[in-house]
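Have the structure open beside you, try each task, and then follow the solution step by step.

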Amino acid sequence: MKISTKPFRVRAGAKVRLKQWPTKVKPFYNSAEHYQKLLATHIQELSKRQELLYANNRYSLLLIFQAMDAAGKDGAIKHVMSGVNPQGCQVFSFKHPSAEELEHDFLWRTTRCLPERGRIGIFNRSYYEEVLVVKVHPEILRGQALPEESLTDKKFWDKRYRSITDLEKHLHRNGTRVLKFFLHLSKAEQRRRFLKRLDDPARNWKFSKFDLVERGFWSEYQAAYEECLAATSTEHAPWFVVPADDKLNARLIISQIVCDALKDLQLEFPQADAKRLQELKNLRRQLAD
Ligand code: ATP
Ligand code: MG
């Protein structure tokens with residue numbers, strides 16, 4: 001069964017009102033076994049297409065995950081990428097920037113981690129934090145040692161969006177396909193998951209008091225996401241708003257989107273030309289000796 005992912009894609013230039021985007025949709029699976037089966041099919045396809053990506057060594061794929069806490073970024077990354085050759089896949093998590101990172105422009109730390117050709121790169125949080133957490137807490141900017149004229153620029157945030165879309169255009173021109181996932185969680189479901197983390201000793205470690213502080217800024221984050229998604233979803237580097245109240249369904253949607261993007265590259269295993277065929281023939285002869 002092919003999941004239609006169009007309803008989750010943010011059209012380039014469209015306004016975004018997150019209240020109108022569902023955090024839950026009718027599941028694409030009808031039992032736990034059915035979910036396992038569907039995910040396994042996606043993973044198999046993904047693994048096959050990643051091999052083609054690697055064999056061609058022309059394109060790379062960058063998957064960006066952003067979300068409120070407990071939306072399931074880690075689980076989605078773990079489950080969706082579970083069948084891919086670990087050598088073909090690179091995951092990076094971006095937390096508070098280090099002193100060294102703050103000495104550079106805001107795209108520096110992630111640029112160093114972009115996927116090599118033939119690989120799938122995954123960003124668990126990304127340069128988008130710079131227009132999300134930083135926009136919700138603009139005092140963070142004071143630690144970024146920016147020139148005064150940038151800080152007082154009325155178009156400061158628009159220019160940050162522009163830096164991002166320019167970078168993504170550049171990446172696309174050079175063979176990196178960028179897909180961006182916002183795991184859209186309801187506030188009630190976040191509460192349920194936080195309670196689970198508090199109650200279950202095996203999950204306590206996942207909970208930090210800062211998670212609660214940021215939850216207090218829920219509506220500010222939703223507003224920052226709305227502006228960000230509208231300003232940075234483009235034809236070549238689209239955002240997907242993935243309903244995340246049901247983790248399993250979210251994983252099926254994400255894996256379908258990734259499979260579709262790889263399929264769109266229409267890759268085949270490189271064909272040997274006449275010269276190469278001759279060379280292979282000679283090698284075979286030498287091996288027979
Ligand atoms: P988890 O909680 O599942 O382990 P996480 O991604 O939430 O994963 P945390 O260590 O809890 O990891 O949080 C990282 C924090 O770093 C987030 O609050 C995020 O907003 C913040 N952060 C990331 N990038 C930046 C940035 N460029 N500037 C300021 N804060 C940032
Ligand atoms: Mg966290």
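## Exercise 1: the ligand and its shell

Of the 13 residues around ligand 1, those that come nearest are Asp69, Arg109, Arg125, Glu129 and Glu130; a residue is near the ligand if one of its heavy atoms lies within 4 Å of it. Before going on, note that this is a predicted model, in which local features need pLDDT of at least 70, side-chain atom pairs count only at pLDDT 80 or more, and totals for chains, interfaces and linings use all residues. Residues are numbered from 1 along each chain as its sequence is written, chains are lettered from A and ligands numbered from 1 in the order in which they are written, and side-chain values use heavy atoms, with hydrogens and water left out.

**Solution.** Step one is the class rule: Ala, Val, Leu, Ile, Met, Phe, Trp, Tyr, Cys and Pro count as nonpolar, Asp, Glu, Lys and Arg as charged, and the others, Gly among them, as polar. Step two is to look up the helices, which are DSSP runs (H or I, at least four residues) numbered from the N terminus.

## Exercise 2: polar contacts and burial

**Task.** Find the distances from oxygen atoms of ligand 1 to glutamate 129, lysine 73 and histidine 96.

**Solution.** Look for polar contacts, meaning pairs of N or O atoms within 3.5 Å. Start with glutamate 129, which has a polar side-chain atom 2.7 Å from a ligand oxygen. Next, lysine 73 places a side-chain N or O atom 3.2 Å from an oxygen of ligand 1. Finally, histidine 96 makes its approach through a backbone N or O atom, at 3.4 Å from a ligand oxygen. As for burial, ligand 1 taken alone exposes 640 Å², and the protein buries 79% of that (Shrake-Rupley method, 1.4 Å probe).

## Exercise 3: the largest pocket

**Task.** Where does ligand 1 sit, and which residues lie nearest the centre of the largest pocket?

**Solution.** First, the search: on a 1 Å grid over the protein atoms alone, a pocket is an open set of points with protein on both sides within 12 Å along at least five of seven lines, and lining residues have an atom within 4 Å of a point. The space taken by ligand 1 is the largest pocket (more than half of the molecule's atoms lie within 2 Å of the grid points). This pocket holds about 1,400 Å³ of space, a volume being the space filled by probe spheres set on the points. Its lining has 47 residues, and Asp69, Lys73, Lys95, Arg125 and Asp211 lie nearest the centre. Helix α8 (187-199) is among the elements that give two or more residues to this lining, and with six residues α8 gives the most. By class, the lining of the largest pocket has 21 charged, 15 nonpolar and 11 polar residues.

Terms used
Polar contact = N/O pair within 3.5 Å; in protein donor to acceptor, adjacent residues only side chain to side chain. 1 Å grid on protein atoms, 1.4 Å probe; cavity = no way out; pocket = protein on both sides within 12 Å on 5 of 7 lines; lining within 4 Å.
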